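Please look through the model shown here before reading the report that follows.

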Amino acid sequence: MNVIRAVQLYLEKMISEAGPGMKMLMMDRETTSIVSMAFAQSEMLQKEVYLFERIDSGRSNERLKYLKCIVFIRPTRDNILRLQSELKSPKYGSYYINFSNIIPRTDIKSLAESDESESVREVKEVYADYLPVNPNLFSLNIPMCLQALSWSPDALERSVQGIISMLLSFKLRPAIRYKGSSSVAQTLAKKIHETINKETALFSFRPPEDGSPPPLLLILDRRDDPITPLLNQWTYQAMVHELLTINKQRVDLSGVQGVPKDLKEIVLSSEQDEFYAGNLYANFGEIATTIKVMMDEFQKKAHDQKKIESINDMKNFVETYPQFKKMSGTVTKHLVLISELSLQVGKQQLFEISELEQEIACRADHSTQLQRVKKLVSDEKINLHNALRLILLYSMRYERHANCGTSGLLKALQDRGGRAHIVPKMLEYISTSARQELFNTVKITDAVKLTRNLIKGLKGVENVYTQHNCVLKEVLEEVIKGRPLDAAYPIMGNELPFRRPPQEVVVFVVGGTTYEEALAVHRYNQEGCKVILGGTTIHNSDSFIEEIVAATAGIPFKHSRSLQQFHSAPHGEA
């Protein structure tokens, strides 16, 4: 199960079915991102796609009847109206229309009525309505999906469409489980269940013949694990996202000093960049070693290029030059990235901060941790964002502690001009089950779980910067080992639960997933499992804090009344 390959196959099929000859691709804002994350423009040119146009941009009246137009758009009302307008006055010789999801019959009828010149050759549904990020990771690019801790109607509709499309991509009719204590997870599970039952013809896949359990769709809620997005990351992809932000495979380096002009924006694609694909999940130390090896190899090749003494040498030079040029670009790009990451790690004192974050997330030691947080929050060298993250982690762990020092920490942060009002919002955002389970504040009565926790505590720590285990990893372990999930993760509908583990699992996180969770999924897949992870978005700590602010806007403060003086944001700030 590879989401990038799934989208590529749909696009290749779309292009090949239009036949030979010059083609143009008409897309909307969202499908433009989907296409660019599956193929580079140069790859599209090799497939005879020479022009790209947005259906929602201004339309020129130039007639290009010699071009075939492949349309790949989402089946939204606005897009249907725009396409009707295009077909009433066709600019291209023929149209091959592909919708990225299920389209109502009424819309097909209205398109047929608009096609007076009969220029439409075919209309199809291709189920590629999500952004393929890594082979095992997809996003719906919905940065803020909750309003007053409930679904925003548009975000709910888009999430249902995205997940349905993903399931149809892989021909999965899953059993649906959701976090029982989460109303947003339950709402999404119910809507997906209803859609699958309504579209029975599309979901009539043959059940496994050997009687194995159906695939599993597991819906989780970010509010049950607000710790993971706040922690510093130490694997390559996750570090780049945390410190520089990856937005649809692009990293903006325009604010970084001394970066060459052609590297102000760089593309990080595991499909087009072998070094990146091989090191997505490598840790910071390994990356530095790997790039040194790549540098040595490049220097050797550069030295070989200089030795042109015969016709044969010239021939070899011409043949290998494109690869040499590509390697040169790759080396430069990753050197710039690694240098900037290294600079930020030193400048922001991230080793010290990360160690303390992990300590707070993984074990209780109140007085020692409070002193260390106080020291760092008061230190002018520690930036305000990192100080805020430490206070957020501390405030969640020690919320009920008799000597909780959150108020004093917020005063120190406020005196430095920090966003102290975020912390009360976080205490409203974190779910009841997270309060009980993340920090083991409730006595564990399940003997098996208690034993497992004790063993985990005795094992010791391989790396102080990566001690934390995300909730998703622990839930997946239960699923993969076939342990019963019934109480905490009820099954939607009247399906009988299987006691054997499912062959394929799709996990979707309402409120956004993270690259740390993608790493956990990758490790399970390396062991032979088939797991895909998706989320409304992919967070770093910045975007997650903005999600919290949006999700808690306008709700009454119940859990943070003692922090009343910090409830309001400074004038002019969210």
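Which order do the three strands of the open sheet have? The order is β12-β13-β14, and the pairing is antiparallel. β12 (246-247) and β14 (265-267) stand at the edges with a single partner strand each, so one side of each has no neighbour in the sheet. Strands pair here if DSSP finds at least two bridges between them. In general, strands of a sheet pair through backbone hydrogen bonds, either parallel or antiparallel.

This is a predicted model, in which local features need pLDDT of at least 70, side-chain atom pairs count only at pLDDT 80 or more, and totals for chains, interfaces and linings use all residues. Residues are numbered from 1 along each chain as its sequence is written, and side-chain values use heavy atoms, with hydrogens and water left out.

| Strand | Partner | Bridges | Residues standing opposite |
|---|---|---|---|
| β13 (residues 250-252) | β14 | three | aspartate 252 and glutamate 265 |

A hairpin of two residues joins β6 to β7. The loop between β5 (120-125) and β6 holds aspartate 129. Aspartate 129 counts as buried because its relative accessibility is 0%; buried means under 20% relative accessible area, exposed over 50%, and partly exposed in between (1.4 Å probe, protein chains only). The side chain of aspartate 129 makes a polar contact with that of serine 100 at 3.1 Å. A polar contact is a pair of N or O atoms within 3.5 Å; within protein, one must be able to donate a hydrogen and the other to accept it, and residues adjacent in sequence count only if both atoms are side-chain atoms. Leaving aside neighbours within four places in sequence, the residues in contact with aspartate 129 include Ile34, Arg74, Leu140 and Arg158, where contact means heavy atoms within 4.5 Å.

Helix α15 (residues 406-415) has Thr406, Leu409, Leu410 and Leu413 buried. These residues cover an arc of only 100° around the axis, so they are on the same side of α15. The arc is taken from the directions from the helix axis to the C-beta atoms. Among the elements that cover the buried residues of α15 are α13 (366-378), α14 (384-397) and α16 (422-429). Glycine 417 follows α15 and has a positive phi, near 90°.

The protein has 21 helices and 16 strands. Helices (H or I, at least four residues) and strands (E, at least two) are DSSP runs, numbered from the N terminus. Of its 574 residues, 51% count as buried.
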